[in-house]
Amino acid sequence: MSVEPAEIERTAQPGEGTAGAVAPLVTTLAAAATTYPIAPGVSVNVRSGPGTGYPIVKVLPAGSRVAIHCQTPGTWITGPYGTTNIWDNIASGQYVSDAYVNTGSDGYIRPRCS
């Protein structure tokens, strides 16, 4: 498997030529593959949106790990990791309450979903 470097636009620094030069952006596979465990011994409902009013699209079995793409506020939930209104987007149209995911933080750890 190979990884192509992405390109980002940047502003020229003093003494450089033209503005808008392109520089490589390197990300590691380890950063892209970070997953977080759900609470031990708990099956977690995955919903189509950030709240209990959204339909359940699947259930994660106990022992699952999730990659968090972005986070967004939603329904307040109390779970093994406290009370929060943060919902983790784990795939397109799939959200779990952060109260059931061990992220090591009580706040946002990923960008807000747009």
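Student: Which residues form a disulfide, and how far apart are their sulfur atoms?

Tutor: A disulfide is a pair of cysteine sulfur atoms within 2.5 Å. Here C70 and C113 form one, with their sulfur atoms 2.0 Å apart. One disulfide is present in the structure. Before we go on, note that this is a predicted model, in which local features need pLDDT of at least 70 and side-chain atom pairs count only at pLDDT 80 or more, while totals for chains, interfaces and linings use all residues. Residues are numbered from 1 along each chain as its sequence is written, and side-chain values use heavy atoms, with hydrogens and water left out.

Student: What is the handedness of the disulfide between C70 and C113?

Tutor: The torsion about the S-S bond is about 95°, so this disulfide is right-handed. C70 lies in strand β7 and C113 in the segment after β9 (94–97), so the pair ties together parts 43 residues apart in sequence.

Student: Are C70 and C113 buried or exposed?

Tutor: Buried means under 20% relative accessible area, exposed over 50%, and partly exposed in between (1.4 Å probe, protein chains only). C70 counts as buried because its relative accessibility is 14%. C113, at 18% relative accessibility, also counts as buried. Over the chain, buried residues make up 31% of the 114 residues.

Student: How many helices and strands are there in the chain?

Tutor: Helices (H or I, at least four residues) and strands (E, at least two) are DSSP runs, numbered from the N terminus. The chain has one helix and nine strands. Their order from the N terminus is β-β-α-β-β-β-β-β-β-β.

Student: How many bridges join strand β7 to strand β8?

Tutor: Two strands pair if DSSP finds at least two bridges between them. Seven bridges join β7 (residues 70–79) to β8 (residues 82–91), and the two strands run antiparallel. Together they form a hairpin with two residues between them. As one example of the pairing, Q71 has D88 in β8 as its bridge partner.

Student: Which residues make up the largest nonpolar core?

Tutor: A nonpolar core is a set of buried Ala, Val, Leu, Ile, Met, Phe, Trp, Tyr and Cys residues joined through side-chain atoms within 4.5 Å. The largest has ten residues: Y36, I38, V44, V46, L60, V66, I68, I90, V96 and V101. Apart from it lies another core, of six residues, among them I77, W87, Y95 and C113.

Student: Where does V96 lie, and what does it touch?

Tutor: V96 lies in strand β9, and at 0% relative accessibility it counts as buried. Contact means heavy atoms within 4.5 Å. Not counting residues up to four places away in sequence, V96 touches V44, N45, V46, L60, W87, D88, I90 and V101. V96 and L60 are 36 residues apart in sequence and 9.5 Å apart in space, C-alpha to C-alpha.

Student: Is S97 buried or exposed?

Tutor: S97, which lies in strand β9, is buried, with a relative accessible area of 4%. Leaving aside neighbours within four places in sequence, S97 is in contact with I77, T84, I86, W87 and D88.

Student: Which charged end sits over the ring of Y108?

Tutor: A charge sits over a ring if NZ of Lys or CZ of Arg is within 6 Å of the ring centre and within 35 degrees of the ring normal. The charged end of R112 sits over the ring of Y108, 4.0 Å from its centre.
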